[in-house]
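Here is a short report on a two-chain model. Please read it alongside the sequence and the coordinates.

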Amino acid sequence: MTAAIIAGILVTALNAYVLLGGADFGGGVWDLLARGPRKAAQRDLVAHAIGPVWEANHVWLILAIVLLFTCFPPAFARLAVTLNLPLTGVLVGIVLRGSAFAFRGYGGDRDVVQRRWGRVFAIASLVTPMLLGMAVGAIATGNLGEGGSGKGEGFYGDYVATWLTPFAGAVGLFTLACFALLAAVYLTLEAKDESLREDFRARALGAGLAVFVTAGLALWLAGQGAPLMREGLMRSRWALPFQIATGLAAVVALTALWWRRYAVARVAAAAQISLILWGWAASQFPYVVPPDLTIAVAAAPGATLRLVTIALAAGAVVLIPSLAYLFRVFKGSDQPSGSAISRR
Amino acid sequence: MSDLFAARFQMGMSLAFHIVFAVIGIAMPVLMVVAERHWHRTRDPVFLDLAKRWARGTAILFAVGAVSGTVLSFELGLLWPGFMRFAGPIIGMPFSLEGFAFFTEAIFLGVYLYGWERVSARAHRFAGVMVAVSGALSGVFVVIANAWMNAPAGFDLVNGQAVNVRPLAAMANAATLPQVIHMTLAAYAATGFAVAGIHAWLMLRGRSAAFHRHALTIALLVGAPAAILQPLAGHYAAGHVARHQPAKLAAMEALFETKAGAPITLGGWPDMDARRTRFGIEVPYVLSLLAYSDPGATVRGLDSVPRSEWPNVPLVHWSFQLMVGLGTYMALVGVWAMWLVRKQCELSSRRRFLAAIAIATPMGFLATEAGWMVTELGRQPWVIYGVMRTADAVTPMPGQLFRTGLFALVYVFLAVVVTVLLSRQIVRSPMYTGEFPAPAP
């Protein structure tokens with residue numbers, strides 16, 4: 001029971017990472033795709049929006065990893081072995097992206113410096129979510145048996161074939177589209193300038209369409225790629241209401257964007273992406289890593305789980321007010337205009 | 001190069017890279033908080049300028065430290081899945097707490113850096129204090145996890161499996177206190193001396209602005225007391241090693257034979273095949289005295305453990321000597337500094353003192369790196385001392401050499417960029433001497 005609760009908290013941490021850190025990645029996508037007469041203004045807006053919160057946003061991933069290795073150590077060890085290559089790619093992406101962002105902020109105003117770091121930041125923002133999505137796709141396929149020692153199919157079979165599949169690729173693209181959607185929707189609210197807001201409205205609508213297309217592609221490929229997940233998503237008792245809720249959120253998000261009700265769009269888009277994540281988690285319940293590591297099998301001893309639960313509760317008492325404060329200071333409605341980064 | 005060696009090299013490289021930023025992340029916030037406090041008290045804008053410059057430096061280094069720390073949290077599994085499968089439930093606890101401490105640090109650093117005009121002065125100072133406290137705590141938690149690898153506790157070993165896991169007992173292992181004290185002091189000493197050294201160097205080059213004088217004083221007030229206390233903390237830590245990890249102590253001191261009235265050996269070339277140390281200067285009885293407070297005490301040499309359980313003796317010995325040498329120099333300079341500060345001397349006119357500080361700029365970091373070499377290499381061949389061998393923890397995935405090369409490139413790249421950026425921030429410091437407008441945020 002405690003293990004299932006912690007698994008729920010782990011998904012919650014991932015959810016926060018997707019909504020906050022994911023939007024930062026999405027911001028990088030729009031940085032890369034910035035064009036038109038307001039190209040520079042678009043990039044400034046992205047940097048301004050991410051600046052004060054991005055460090056905190058990315059700690060959610062560390063929290064999820066730590067919970068995984070503390071509470072489900074065999075699952076962590078399994079993923080670390082079988083998904084070694086994509087996770088290494090994610091790491092390089094995170095390193096380059098994080099430091100490029102800081103270096104661009106502090107590297108001086110020379111155009112060439114800004115452009116070079118901007119390029120690194122944007123490309124890393126593109127590749128990292130793609131690989132993260134592929135890793136998730138590989139987990140969903142249920143192919144991650146005892147890696148390395150298990151199937152003995154050589155390097156390619158053990159360490160590459162599991163995640164380099166059309167299905168995992170589709171999940172990667174889908175992840176990227178989701179992050180881009182979140183970022184564009186958030187940025188409509190961050191923009192102070194009407195035409196800039198219109199730019200991001202158009203981008204959000206485009207990203208919404210991309211989410212729809214890539215989701216369809218992933219579901220279609222899941223027939224062969226991840227029958228387990230498809231089964232879970234299609235047949236379970238909870239599946240239908242879940243699907244309806246997700247679809248509803250998606251429709252509300254796009255409609256609200258169309259009618260320029262940005263605050264509604266933000267809530268709906270966040271709900272849509274969260275429901276998708278929980279749908280994935282629920283579809284493979286009770287497995288942490290299918291086909292064999294269930295929550296019960298992978299769970300750490302009870303003493304550890306109980307202490308972690310206490311630590312999580314105590315940590316939440318410190319963290320939640322602090323986070324609320326951070327977001328109130330920087331994301332509240334009474335922000336002075338002008339970018340902290342560009343003035344430095 | 002074997003996959004095991006490549007994996008060890010890669011882990012060592014990642015840790016060696018990260019520790020620099022971790023140390024700065026622990027101590028730098030203290031400096032900026034002190035500077036800000038001076039500004040509130042005196043309203044002398046030079047302190048505000050200092051606080052802002054130091055905050056910007058901290059931001060660059062924190063960003064890099066955050067990503068290299070993320071890399072490490074993954075690498076624990078990517079390189080050592082066997083270790084994590086076994087140790088995760090036992091020492092996951094300090095890592096979880098570290099996650100929270102780091103989270104708090106990130107949040108309040110955001111408030112501190114971007115909130116100069118958004119929050120009240122009091123809230124801003126509070127944010128700074130929170131960054132400093134949570135930075136120190138996150139360091140403490142990580143060191144606790146490492147201490148457990150040296151003195152595993154909080155579980156029973158039955159047929160190679162850990163049962164009856166007690167995470168709190170694991171955190172309260174025998175090595176925790178000595179290691180935590182030693183490392184926390186190291187962070188303040190290394191950072192304080194590095195910052196003081198940079199400003200001393202600039203003053204020697206003729207910039208005696210108030211800016212550098214104040215920066216030097218604040219940095220020394222943080223670094224010097226830590227450097228003075230460090231030999232005591234080191235002595236305490238070594239006493240623990242002597243009792244619990246005899247092979248590590250023997251390697252540190254290049255002591256091949258178990259001896260009563262054992263000497264310390266200065267320098268020398270430990271020959272693991274001949275089982276003796278050539279060309280060293282032996283000072284009799286001192287090791288027994290230091291380790292057991294008794295000049296006649298028997299100290300276990302490397303002959304008391306099987307050859308297969310020896311660490312790399314020359315590397316551990318030289319790293320240890322380097323650490324002790326640098327630490328001694330810093331402690332002596334620290335005493336000098338405190339004496340001058342107490343006599344309220346004008347530091348900028350003491351050229352010999354400034355030179356002594358300037359020379360010490362990299363020393364704290366070198367000593368920290370050397371100290372980690374001692375504790376990590378000295379624990380080999382064990383990853384969990386006496387429980388699990390490093391060779392049994394490594395990932396089965398071949399081709400680690402490639403990964404090692406990849407990360408080496410990434411780290412070199414980051415190091416170069418950080419150096420360039422920091423030198424822009426710090427070395428191009430103001431030339432002004434007296435009146436000047438308050439700096440723009």
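This is a predicted model: local features need pLDDT of at least 70, side-chain atom pairs count only at pLDDT 80 or more; totals for chains, interfaces and linings use all residues.

Residues are numbered from 1 along each chain as its sequence is written, while chains are lettered from A and ligands numbered from 1 in the order in which they are written.

**Chains.** Chain A has 15 helices and 2 strands. Chain B has 14 helices and 10 strands. Helices (H or I, at least four residues) and strands (E, at least two) are DSSP runs, numbered from the N terminus.

Chain A has 344 residues and a radius of gyration of 20 Å; this agrees with a compact globule, which would have a value near 20 Å.

The C-alpha atoms of chain A fill a box of roughly 55 × 40 × 40 Å along the principal axes. For chain B the box is roughly 70 × 45 × 40 Å.

In chain A, 55% of the residues count as buried. In chain B, buried residues make up 56%. Buried means 20 or more other C-beta atoms within 10 Å of the residue's own, exposed means 12 or fewer, and partly exposed lies in between, with C-beta atoms placed from the backbone.

Two residues are in contact if their C-beta atoms, placed from the backbone, lie within 7 Å. Among chain A contacts between residues at least 6 apart in sequence, 81% join residues at least 24 apart. In chain B, residues 24 or more positions apart account for 76% of the contacts with a separation of 6 or more.

The largest nonpolar core holds 287 residues, and A:Leu182 and B:Leu31 are among those that touch the most other members. Such a core is a set of buried Ala, Val, Leu, Ile, Met, Phe, Trp, Tyr and Cys residues joined through C-beta atoms within 7 Å. Beyond four places in sequence, the contacts of A:Leu182 include A:Leu19, A:Gly22 and A:Ile273.

B:Val222 sits in helix α7 (residues 210-244) of chain B. B:Val222 counts as buried because it has 22 C-beta neighbours inside 10 Å. Its contacts beyond four places in sequence include B:Leu31 and B:Tyr188.

**Between the chains.** In all, 53 residues of chain B contact 56 residues of chain A. Helix α3(B) gives the most to the chain B side, with 22 residues.

**A helix pair.** The axes of α9 (residues 194-225) and α11 (residues 239-258) of chain A come within 10 Å and cross at roughly 155 degrees. Therefore α9(A) is roughly antiparallel to α11(A); that term applies to angles over 145 degrees. Among the residues making the contact are A:Arg201 of α9(A) and A:Leu254 of α11(A).

| Cis peptide bond | Omega |
|---|---|
| A:Phe285 and A:Pro286 | about 0 degrees |
| B:Gln380 and B:Pro381 | about 10 degrees |

A:Pro286 lies in the loop between α12 (262-283) and β1 (287-289) of chain A. B:Arg43 is not a glycine, yet has a positive phi of about 60 degrees. With 9 C-beta neighbours inside 10 Å, B:Arg43 counts as exposed.

Notes. The radius of gyration is taken over C-alpha atoms; the globule rule is 2.2 Å times the number of residues to the power 0.38. Axes are lines fitted to C-alpha atoms, for helices over the stretch in contact, and angles run from 0 to 180 degrees between N-to-C directions. Angles under 35 degrees count as roughly parallel, over 145 as roughly antiparallel, 65 to 115 as roughly perpendicular and the rest as oblique.
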